[in-house]
Amino acid sequence: MKRAELISRILIVVGILLAVGAPLFFWARTPLIHARMAEDGGWNPDVIQAEVGKPLHLKFTSDDVVHGFAVGQMDMQSVDILPGKVTDITLNFDEPGIYTFFCTRWCGLNHWRMRGTIEVSGSSSDPEPATVPLYVSLKLDLDAPHDAPVVPNGKPLAISGQSLETNLPIDQSAEYYRSHSPYEVFESLQNTPLTDGQRWNAVAYFWQSNTTSESLANGRQLYAQNCAACHGENGAGNGVFADDLVQAGEASMQSMSGAMNMMMQAPVDFTDPRRMLGASPALLQGKILRGGMGTGMPMWGSIFTEQQIWDLTAYIYSFQFEYEK
Amino acid sequence: MAKIELTRIPFIKNALKSRYPQLAVFIVMLIGYIFAILAGLIGTPVGSHNFSIVFVWIAWWAILILVAVPFFGRGWCAVCPIPLPGEWLQHGAVLSPPDKRPKWLNLRVPKMFRNIWLQNISYLLLALFSSVLLTTPNITGIVLAAMLFAAIGLSTVFERRAFCRYLCPVGGFIGLYSQTAPIELRIKDKQVCVTCEGKPCYNGSSAGYGCPWDVFPGGLTKNTYCGLCMECIRTCPHDNIAVNLRPFSADLAKPSTRMDEAFKAFIMLGSAIVYAGVLLGPWGMFKDAAYNVGSSAWFIYAIVFLAIIFVVLPGLFTLGILNTKNTLPLKQRFASLSTALIPLGLMFWVAFSLSFVLTNASYILAALSDPLGLGWNLFGTANAAWLPMLTSILAPAQTLALVVGLVWSARTAQKSANEAGTSSMPVVIYCFVATSLMLWLLL
């Protein structure tokens, strides 16, 4: 064989090996976490291992649309994951446990299902005893009907209730507020000389006095980021995904036996006084924390802190009551 | 304009005669091609950031349709890496003179397949799936790999470059449109070929291989099937092969009478029109149908696509030329007069391609720096923003391309009508209506 032929063959073989080997080598050395819409698989991998005290370096990429990344119950800004781009994120964990990470962009109808877990091993420096959520200690049945039999004619005004409430027999404790629905408090004012409208205004003021503007602002932000896609910006259950959710619900119900209510898939309307005035903050806490079984309402317990859930419930009541600006 | 023989220039002649420059280009192209396959298979599934999509369907396509085909004819075929591994296996060498023993089966392609119908079919197969193929990296990777393996397989069974000549989905239209290019490979003196013993340009010799494209250079009158591989320049013992610069569309003065080539012209014209409407038009319904491969809407799209290409366009053309006074049989007249659609179709494709190439060219910068979507930034351009280029000149450039195409096709129609002894008017009207439709779809 001539020398030129030999050198050419060597060049070709080396070139082909490089063209195949180099991409495979670098690809294998770059473990990426792929984000896809939930219907196409969600996060891959969706379980990540980490250790307490060791920084966790992660590389994310999106295979379809813009997604976002955040870890539940952690004080962190969500980070956007762009299609075809790689986003580096470093996380530090102080406590062992199973953390939930989730998509923070409304990427598709099943956006809410786009979740994964980070299993953090190691020893705890400050073990905190687990607390039982209020709705559990109150033994509330989250799925029982809770409609208020009586509702006000208009939106109760907290400012009008302020002057009335001072001499009223309302337990001012936070526990009382959280464990009673507006309707129950309204009922407790039955033996006062107030008219129905005044009683509702007093309830509105009571609700306002049990929250702070900071809590409401925080709740508003959480609501806009996480709830408005389905429940609508104005709480009317008409978010951008609402119609599709109803359709998806109807489609899935048609394939199931039994007589489940198709409307279960429609997001709850927070502007409906019958439904909302019959619900206590603890009941709402339970619904947010656990999620609505089989309704498409996800469980938020692993994502929101307890305070964030109370902030959200406080904000949700603002669709019923006119608070002072 | 007279022809200018480029091979008179010693530098060009030596560069073409030597195997080394070509081999160097081949190796680079092959590495790039294999890298594109790998990128398609393991890189990001986001098409706009994957090397395979960006470099094949934006960069390569732009070079092919805007530069290579109009100016160099089959210039792309001269450097295409797809047939190389098969050919090297077939030859048992990459550089050395041919071994006398055939390495593999070395069969002749059956006569029924020695036309471009298989290329028409392979092109249409890709065309019907193009919306998915052009946007999905792993499908692009699979198709690129399939073409490479098909070429290798055919090289081991058949003689010469059977894949390029009879199956390559792009080779068919490159050949058709290469007739318009101002470059040709031809013999210098016919008499030399007539008296040449052994015809080494076709049969091979110790200096090189017989024409890989199964063409006898002595009989070349059109660019259509000459792959510009330059092998005959190396094998001709009489230095009788020349590469010439010539006027545009010189080959179209001799209209073809082959139906496979005539239909190729309709296929290309029709698919440019359909793509302009479906991919660039404002009708979301059509776009959805084209993208949802396998759905009933897609089947309707496929049927309509094929009907436009095989029934509507040729049907209207036939109706137009039906009453032209002529002694030629209709079939022959149809094939001959459809020559006018060659420059028209080419310029339709130029106009169509301008829009998506200029719109998406900025992806090339990002894909160059991060070809696999692994977060690299090799040249500092990984985060280059998507920015449509030259938007202000797009519409004028497209209009110009279409008008040039219309004038060019009208002149071609006149020539082929004269050749066939008939009126060119129906064909000119046909071209005018098609151009108006394309103009409306694009602007």
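Two strands pair if DSSP finds at least two bridges between them. Strands (E, at least two residues) and helices (H or I, at least four residues) are DSSP runs, numbered from the N terminus. This is a predicted model, in which local features need pLDDT of at least 70 and side-chain atom pairs count only at pLDDT 80 or more, while totals for chains, interfaces and linings use all residues. Residues are numbered from 1 along each chain as its sequence is written, and chains are lettered from A and ligands numbered from 1 in the order in which they are written.

**Strands of chain B**

Start with strand E2 (residues 183–187) of chain B. E2(B) runs antiparallel to strand E3 (residues 241–245) of chain B, and five bridges join them. Within this pair, B:Leu185 faces B:Val243 of E3(B). E2(B) is mostly covered, with four of its five residues buried (buried: 20 or more other C-beta atoms lie within 10 Å of the residue's own, with C-beta atoms placed from the backbone).

**A sheet in chain A**

Chain A has an open sheet of four strands, in the order E2-E1-E4-E7, with mixed pairing. Its edge strands are E2 (43–44) and E7 (86–91) of chain A, and each pairs on one side only. Six bridges link strand E4 (residues 56–62) of chain A to E7(A), in the antiparallel sense. There, A:Leu58 has A:Ile89 in E7(A) as its bridge partner.

Two residues are in contact if their C-beta atoms, placed from the backbone, lie within 7 Å.

Domain 1 of chain A gives nine residues to the contact, and domain 2 of chain A gives ten residues.

**Between the chains**

How many residues of chain B touch chain A? The contact joins 22 residues of chain B with 24 residues of chain A. The chain B side has 16 nonpolar, six polar and no charged residues. Here Ala, Val, Leu, Ile, Met, Phe, Trp, Tyr, Cys and Pro count as nonpolar, Asp, Glu, Lys and Arg as charged, and the others, Gly among them, as polar.

How values were computed
A residue is buried if 20 or more other C-beta atoms lie within 10 Å of its own, exposed if 12 or fewer, and partly exposed in between; C-beta atoms are placed from the backbone.
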